[in-house]
Structure formats: structure tokens, C-alpha cells
Amino acid sequence: MVVDEIKGVFKDLKRLEEPQLLHLAQAKCYAYIYAEQNNLEEIGVQMTYCNLDTEESRRFRETYTRAELKKWFEKLVSEYEKWARYQMTWKAKRNASIKTVEFPFEYRDGQKKLVESVYRTILRKKKLFIQAPTGVGKTMAAVFPAVKAVGEELGEKIFYLTARTITRTVASQAFAILREQDLKMKVITLTAKEKICFCEETICNPDVCPYAKGHFDRVNDAVYEILHQESGITRSVILEYAEKFQVCPFEFCLDISSFVDGLICDYNYVFDPDVRLKRYFADGAEGDYFFLMDEAHNLVSRAREMYSASIIKEEVLLTKKVLGHRAPALGRQLTRLNKALLEMKRECGGYQLLKDAGHLVSVLNGVFGEMEKYLEKPGGEDGRDTILDFYFSVRHFFNMYERVDEHYRIYTELLPSGEFVIRLYCVNPIENLAQCLSQGKAAVFFSATLLPLRYYRMLLSDQEEDYTVYVPSPFPQERRLLLAATDVTSRYTRRNETEYRRVLHYIQAMASAKKGNYIVFFPSYQYMNRVREVEKRFGKTGKSMEVLIQDSHMTEEEREAFLQKFSPERTAERDTSLVAFCVMGGLFSEGIDLTGNRLIGVIVVGTGLPMVCTEQKILQGYFEEEGKDGFAYAYQYPGMNKVLQAAGRVIRTASDQGVILLLDDRFWRREYRELFPREWSDVKRVSLSSLEQELQAFWSRFPEVQ
């Protein structure tokens, strides 16, 4: 009697010297159970590997006695029992502790409504969209009811998803605050491999990395200990235990995640088809998960990028050059692919929409097959990383081509750099996101700038019965002055020396009305640099101010040093105002929290419209075909979101006071005013001649602000 475990593979079977241990263990489990059931003294265990392309097969067979299998199996299940008992015991402790946890603060205006809405959404297995400004306390309002729902066994695991590192910290703090009430809940913060790896280069090869070598021999003990000692499992905690047990911190992190109650991580761990956590979501698997999506306005652009794919002709040539004569068959396939792309390039003027890419996919199939054969061989040669990068590009292109539907557009384009690209562009990610969200129980999307709600609902959810909640700002409006200028614009046709000088005069007037820290958000680096040039030439004739410039490629250290300039100590030392020149949609327009006198004013130059480019034109066309206002959906809505995010950097607490100045006459047009949040109803018209009076009147009410 033989138990035969059959695996379909694509690898070259000649290179397979023995069965994989995991596959063999699977077969040995079946063999032991069958031998016990049928009272067999011995039984054969066979592993059959079949190449799905060639239909060749290779077999490995070994005979075991029942006594051998019994000893092996009992050791296996005794190890498993340890983990099963831990999970059962922990779940009972966790649920009992959750019952005693109460909301940790006095409810702010609108916060209780949010808590109730999140709980009802989870209870009814729905989706909820929340527009709630800074200060409402969205994080705790989402986390607390989700924790309560876990205690009532409505779900087993909370995924708190974010776009930026700083919001992950805020979420981690929310769970920590609840633990002060003796909440028993283990939460891990996942960190990208590149940021948590001990080595300078992330080469996951046991011959190169000492943490990879023997990792699986040590990781079980490491996971068991960290689960018994820690609850808030952050990056620093993971690194400490990974060093102690000499295991790969990233793989260690993923293994821990299987046993925790909450994960705080980037969107891509749930949505990105190449990165998502396969232990939870592979093959459409479903679980009792709650998805809490912070800064949900970012998910649209992130999802478009996740589900789009490109092949660049020049990368084909580079791969062929790096390959040299090492693999003639692969070289021929790359030549064939380059020829197909060259033919498409000849037919493309600027950019061209295609009905399909079937012919190219057929050619790519030949490339992909040969690349797999080549990459199965031992590495080490020069240029292998380049070949591997191109392999992943081709694989991603294949995977995305299988998803192409009416929400995609396929186009070719000759880029300004001279490169030629074919792109599968996911215009509307709704179907792809829906598949991912269906693998959990409920989803909550929340942001301070989820406006207009109909726009985000169209792109993030396909359910008419989804809930929406709009919470007004809890801050007293009299502590904030909102001004919109009528005599300045950032339109491309009006970008000249005169307009740059006018913008500079507004900045100088704001900075001189009250000494303090200010941020100016410009529509682009080019615009910012033009105003900076004008300031260098003419700034000394006006009120003096210290100017701080955002660089386009800032490291984490440079970013921290930039923000340190806004500290109370540095502010007190300064004799003049600090004015930071930043770019809308950049590093400092989201996710920074400068409270009190660290920031007392923001100037937003322009309406934030994205630059006109191929993809924005395609977006506009898609929405027009859907019967929507194409310009609004492709340009105005995402642009206004950038404006609201930038403006939201000022007034972060109920005791703050500050000024928001919008510099563009278009803000007074009806289509833009309709996009203002409700709390912006008190916006005042201003011109350069009336600005000083408005600022003095406002600041005279707060003489205590230094």
C-alpha cells in the first residue's frame, strides 16, 4: 500500500534531487492515519512531482513502518498541542478582559456617534465611510468598538491599515491606552522588509545572511517567547527578540502575526496582489477579520498603482544586454519581445489606447517561460538582479492582464525620457478592492478629507447599502481664521514674475502680522523654486523671515531635522517668523502633527489640480463614459483633497489657534465652494490690500499666543 502525494510544478524536474520536506510531511501524515485505520505494519510514501508544461513527472518513494510513523506523528502533534492550548487559553483571557474595558476618554462632539456607527457596521457585516475632521478622535473611535466586537466573538482579528508610518504609531498608542485598563490583546506592527532587515542588503540567502541560516530551527521558540512576554509588538521589540534568537526579523514578524489579535500595517499587506499576506488571503480564503482603513483617501491612488502594470521597451534591451550569451533561448525570446514593442512604438504618436494586448502577452509568455528556466539555476553572476527585476515585472504584467475588465485601460506611450511603455492602467480599482474586502467580515474607511463622499464610494466600494457618516469639526471656529484671496491665481497661463511676487507679498504679510511658524504649500517644486528665487531677490525689502525649503528627496533623518525647526524651543529662540516652503501632496502635507505654537498658519497656493498627463486624460475619459463630470473626478476632487490635507496641518487641538489662507481666485467659484467641508462656511474674501487688517483683527483676540 502506497500513499502518493502529487504536486503540480513549473520547475525543471531534473534539478529536483529530493522531495520538499513540507510536502513529504504532508504525505507522512496521511500515511500514518491510513496505516492506523487499516492496521498496516508498514506503508509506502511516494512524492510525485509533475511539470505542468511538459507533463513530465518524477517520483520519490520510501517505505516506513507504522512504529516509525507513529513516533514521528506523535512528536508533531505534541508540538502542535502546545500552540493549540496557548491559543485557547489566550482567547478566553482576551475575551474576559474586553468585557471590562470602557471608552478611555470623555466623548468629544461626534465621537460617540462614530463609535456606535463602527460597531453597527461590524455587527451587520457592512462597510462604513467616515468623514471626520482632525480632533474628533477617529483612531480610538474605530479601534474601541472593533475591540469590543472581538470580545463578543463577532470576529477574530483586526487589521488597522494605513498609508504612512506616523499613523501606525497613533494606532499602536490607541491599543496601548486600552491596555491601561488591563486589556489582554496582542497587537503587532508590521514593518517593510527593507526597514527591519539587520543586513545592509536584503539578500535572503542562508549562505549570505546569518539570520536566514537556521532560521526555521529557532523561530518557533522565538515566537513562543515573544507571545508570552509582550503585548504591543513594535519594530523595536521585534528587533530585540530577533537578535536574541538569531532569526530573520521580517519572517519572524510574519510568523508572530498568525497568533496576535490585531495587525497594524500598510495597505499593501491586504490589497497588493504581490505583497498581501498569503497566510490569510491566498486562494480567496476568508476569515473573521475587520478592516479599519485610516487615511482612506490615499487608498484610491495606491490601489490604482497596485493593480496596474507596465513593460518598458528599454528594460527589455537592458535585460538582454546584461544576459549576454549565457542563455541563447532566453536571448531569442527577448529579441522577439523587443521587435513586438518596436512595431507598437512605430504606431504610437504620443500615446495610444489599445483594445487589448493579446499579441504581446503571447510573446511575453515565451519570455517568461525561458526566464523561469534560467532563474532556477544557481545565481551569483553579474546582472542577475536586473534580470530578476524584469522577471517580476513580466510576472506582474501577466497577473494584472488576467484582471483586465471594463475598469482598465490599456495604452502605449512614448515618454518624455524617450522610453516606450505599454501599460495596463487600473482606472477604477473597485472590483479588485471588493475581492479583497470580501475576505473579511466588515470594513471601515475613515479620513479627515474623504470628500466628496460619493467620489470615494464610487472608487472604493460596490455596495449601495454601505453606510456613511459625516462628523463636523469639534473645534471652536472662532479660533481659526479662514481666508481666500480674490486677486491671485496659480493657473498655468498666469504663472509669471508678477504672480510670483504677489504670492510672496501674501507670505510676507502673513509672517509679519504675527511672529510664529508657518507653512506655505505650493502646487509643484518648480513653482516653489520660482517664488524662492523672487524672495531671494526682493525679500530683503519686505519684512524679514527665515525660509525653510523642502527637498524633493529627503531621508528620514532630514525629515526629522526639518520638523525639529518647529519645536517650541527653536521657536522661542527665533527673532523672526519661520516660513517653510513645501509642496502640496508631499511629505509634510499629511501625517504631521504640529500642535500649539509649533504652527500658527498655513498658506495653500493653488487648487491642487494634478498635472495634465496621459493617465489624467484617460481618467477624465473613463469618468465621462460613466456619465460623470470627467474633469471633476480626474482633477478637481483629487486636487481639493490635497488642499484640505494641507490646510489641516494647522489647528490640531481645541486650544490651538491659527490662520488658513487660500491663494487662488478659483476658490470663489461655485464648483470649488461646493467641495468645502461644512465647517468652512465662514470663509472670508481677502485681497492683498485687506489682508493685514483681517490678520491683525484676528490675532488681537489672542494676545497670549507667543
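Tutor: Start with axes: they are lines fitted to C-alpha atoms, for helices over the stretch in contact, and angles run from 0 to 180 degrees between N-to-C directions. Helices (H or I, at least four residues) and strands (E, at least two) are DSSP runs, numbered from the N terminus. This is a predicted model, where local features need pLDDT of at least 70, side-chain atom pairs count only at pLDDT 80 or more, and totals for chains, interfaces and linings use all residues. Residues are numbered from 1 along each chain as its sequence is written, and side-chain values use heavy atoms, with hydrogens and water left out.

Student: At roughly what angle do the axes of H19 and H20 cross?

Tutor: Two packed helices are described by the angle between their axes and the distance between the axes. Here H19 and helix H20 (residues 525-538) cross at roughly 75°, and their axes come within 9 Å. H19 is therefore roughly perpendicular to H20. The rule: under 35 degrees is roughly parallel, over 145 roughly antiparallel, 65 to 115 roughly perpendicular, and the rest oblique.

Student: Which residues of H19 and H20 meet?

Tutor: Contact means heavy atoms within 4.5 Å. From H19 come Glu497, Tyr500, Arg501, Val503, Leu504, Ile507 and Gln508. From H20 come Tyr527, Arg530, Val531, Val534, Glu535, Arg537 and Phe538. This contact has 8 nonpolar, 1 polar and 5 charged residues. Nonpolar covers Ala, Val, Leu, Ile, Met, Phe, Trp, Tyr, Cys and Pro; Asp, Glu, Lys and Arg are charged; the others, Gly among them, are polar.

Student: How do the axes of H19 and H26 cross?

Tutor: Look at H19 (residues 497-513) beside helix H26 (residues 688-699): the axes come within 10 Å and cross at roughly 15°. These two helices are therefore roughly parallel to each other. H19 brings Arg502, His505, Tyr506, Ala509, Met510 and Ala513 to the contact, while H26 brings Leu688, Leu691 and Leu695. That set splits into 7 nonpolar, 1 polar and 1 charged.

Student: Are H14 and H15 roughly parallel or roughly antiparallel?

Tutor: Helix H14 (residues 328-346) and helix H15 (residues 358-376) have axes that come within 9 Å and cross at roughly 155°. So H14 is roughly antiparallel to H15. On the H14 side, the contact includes Ala329, Leu330, Gln333 and Leu334. On the H15 side, it includes His359, Leu360, Val363 and Leu364. In total, 13 residues of the contact are nonpolar, 3 polar and 2 charged.

Student: How many cavities are there of 30 Å³ or more?

Tutor: On a 1 Å grid over the protein atoms alone, a cavity is a set of points where a 1.4 Å probe fits but cannot get out; a pocket is an open set with protein on both sides within 12 Å along at least five of seven lines; lining residues have an atom within 4 Å of a point. The count is 1. The largest cavity holds about 350 Å³. Its lining has 20 residues, and Pro133, Ser473, Gly648, Glu679 and Trp680 lie nearest the centre. Helix H24 (residues 630-647) gives the most, with 3 residues. The lining divides into 11 nonpolar, 6 polar and 3 charged.

Student: Which residues lie nearest the centre of the second largest pocket?

Tutor: They are Leu22, Ala25, Leu76, Glu79 and Asn220, out of 23 lining residues. Helix H1 (21-37), helix H2 (66-100) and helix H7 (215-229) each give two or more residues. H2 gives the most, with 8. The lining has 15 nonpolar, 3 polar and 5 charged residues. This pocket holds about 1100 Å³.

Student: Where is the cis peptide bond?

Tutor: It joins Leu451 and Pro452, with omega about -10°. Pro452 sits in the loop between strand S14 (442-447) and helix H18 (453-460).

Student: What is phi of Asn39?

Tutor: Near 55°, a positive value in a residue other than glycine. Asn39 lies in the loop between H1 and strand S2 (42-51).

How values were computed
Points joined across faces, edges and corners; volume = space filled by probe spheres on them.
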